[in-house]
Amino acid sequence: MMKRDEMLKAFVRQRKDEIVVAVYMAAQELTHIAPNDLNYTFIGAMGQGSSHALGLALGRPDKKIVVFDGDGSLLMNLGSLVTIANQAPKNYVHCLCENGCYETNGSVPIPRVGQIRFAELAKTAGYKKTYEIADLGEWERELPNIIEDEGPVFVTLKVEPGETYPENFPRLYNVEYREKFRQTLAKS
Amino acid sequence: MADYPLTAESIKNQFKRAGIHFVVALPDRVTSHYLLKGLINDPEFKVVQVCKEDEGVSICSGLYAAGHKSVFMMQYTGFLDSINAIRGVAVEGHFPVCMVVGLLGKEPDVAPTQSKKYGVKIIEPILDVMGIERYLIERDADTAQIGSAIDKSFKNSSPSAILIGREPR
């Protein structure tokens with residue numbers, strides 16, 4: 001099991017120019033750990049991160065899109081696995097932060113906690129490559145392959161809370177930051 | 001067909017005029033046969049099929065953030081099913097999501113609010129309370145509104161709803 005913020009820090013150390021779409025706890029933490037104009041946190045409704053990311057991936061096939069989704073979120077939009085696999089964007093990396101609960105909403109366990117193989121669901125849906133990672137060292141070692149693989153790629157990341165970071169939902173959905181994202185992406 | 005009041009071609013031409021390439025869609029009985037199938041077969045369009053309508057709201061938003069215009073086609077039932085995504089992403093998030101909504105079961109030339117079909121009757125009041133601009137399309141003469149609705153949505157970064165009141169053929 002990895003601390004989520006340590007997992008994100010390890011990713012940021014290897015980040016190049018990828019667009020990063022993050023939801024809920026991962027989004028809150030990412031805005032503190034590594035502010036970046038290509039961080040996309042403007043999700044607006046639970047479960048929608050993977051779908052925003054598909055729009056970005058289709059609109060900018062020249063850029064790699066890395067999503068940090070949540071297990072509760074994905075359960076709310078499971079059909080998106082099929083939609084994404086059907087479009088088969090080569091530039092799509094779907095990382096699932098599996099913490100087994102709705103952490104933002106009081107840490108209530110998800111249904112069938114610990115019994116679902118999300119990577120298997122993704123494989124059945126039609127993702128090209130899947131990984132299951134629970135160890136920080138393995139995450140650091142596999143990251144270059146994960147980014148280089150032809151997508152869509154799915155990565156289950158077994159995580160637990162690390163340090164606590166201040167929550168700021170208005171920042172996540174801020175329209176000015178969204179416009180800055182658009183402008184930065186248009187130039188890159 | 002010459003006397004039929006609404007053609008799929010006139011709607012498609014408005015999409016082209018507005019610079020639409022991406023059409024995100026879940027089949028709607030009002031528009032599937034002539035319009036959606038025509039779009040799928042037209043190389044000028046890229047149709048992205050979704051499994052559930054709320055995905056479409058977000059895919060259009062991601063496309064917008066990546067610099068593209070798109071429209072999102074669905075049945076009114078799908079609109080009702082995806083209200084929270086429309087609220088959080090399109091309205092509060094100020095994303096220009098242009099929804100093309102088929103009013104399945106609406107009686108020809110009857111105002112949607114006067115329809116005997118409950119689901120159809122409530123659509124315009126819901127859009128009004130959400131502050132979403134709406135346009136009713138029943139005849140070819142109405143379709144000029146489609147291009148201007150799309151232009152306005154993208155200019156103001158706000159959602160809009162183009163309501164299709166009868167099957168386009």
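This is a predicted model: local features need pLDDT of at least 70, side-chain atom pairs count only at pLDDT 80 or more; totals for chains, interfaces and linings use all residues.
1. Let's start with the overall build of chain A. Its C-alpha trace spans about 45 × 35 × 30 Å along the principal axes. For 188 residues, a compact globule would have a radius of gyration near 16 Å, and chain A comes out at 15 Å, so the two agree.

2. How much of chain A is buried? Buried residues make up 46% of its 188 residues. Have a look at the contacts too: taking those between residues at least 6 apart in sequence, 75% join residues at least 24 apart.

3. Ala88(A) sits in the loop between helix H5 (79–87) and strand E5 (92–98) of chain A.

4. Now for the place where the chains meet. On this interface, 28 residues of chain A are in contact with 25 residues of chain B. H3(A) gives the largest share, eight residues. Sorted by class, that side of chain A has 13 nonpolar, twelve polar and three charged residues.

5. Over to chain B, which has eight helices and six strands. Going along the sequence, the pattern reads α-β-α-β-α-β-α-α-β-α-α-β-α-β. Its radius of gyration is 14 Å, close to the 15 Å that the globule rule gives for 169 residues, so chain B is as compact as a globular protein of that length. The C-alpha trace of chain B spans about 40 × 35 × 30 Å along its principal axes.

6. In chain B, 47% of the 169 residues count as buried. Among its contacts between residues at least 6 apart in sequence, 77% join residues at least 24 apart.

7. Strands of a sheet pair through backbone hydrogen bonds, either parallel or antiparallel. What is the order of the strands in this open sheet of six? It runs E2-E1-E3-E4-E6-E5, with parallel pairing. Strand E2 (46–49) and strand E5 (133–137) stand at the edges with a single partner strand each, so one side of each has no neighbour in the sheet. On average, neighbouring strands are turned by 20° against each other, direction ignored.

8. Zoom in on one pair from that sheet. Strand E1 (residues 22–25) of chain B pairs with E2(B) in the parallel sense over four bridges. Phe22(B) stands opposite Lys46(B), which belongs to E2(B).

9. Last, take helix H5 (residues 83–91) of chain B. Which of its residues are buried? Ala85(B), Ile86(B), Gly88(B), Val89(B) and Ala90(B) are. Helix H3 (53–65) of chain B is included in what covers the buried residues of H5(B).

How values were computed:
Residues are numbered from 1 along each chain as its sequence is written. Chains are lettered from A and ligands numbered from 1 in the order in which they are written. The radius of gyration is taken over C-alpha atoms; the globule rule is 2.2 Å times the number of residues to the power 0.38. A residue is buried if 20 or more other C-beta atoms lie within 10 Å of its own, exposed if 12 or fewer, and partly exposed in between; C-beta atoms are placed from the backbone. Two residues are in contact if their C-beta atoms, placed from the backbone, lie within 7 Å. Helices (H or I, at least four residues) and strands (E, at least two) are DSSP runs, numbered from the N terminus. Ala, Val, Leu, Ile, Met, Phe, Trp, Tyr, Cys and Pro count as nonpolar, Asp, Glu, Lys and Arg as charged, and the others, Gly among them, as polar. Two strands pair if DSSP finds at least two bridges between them. Axes are lines fitted to C-alpha atoms, for helices over the stretch in contact, and angles run from 0 to 180 degrees between N-to-C directions.
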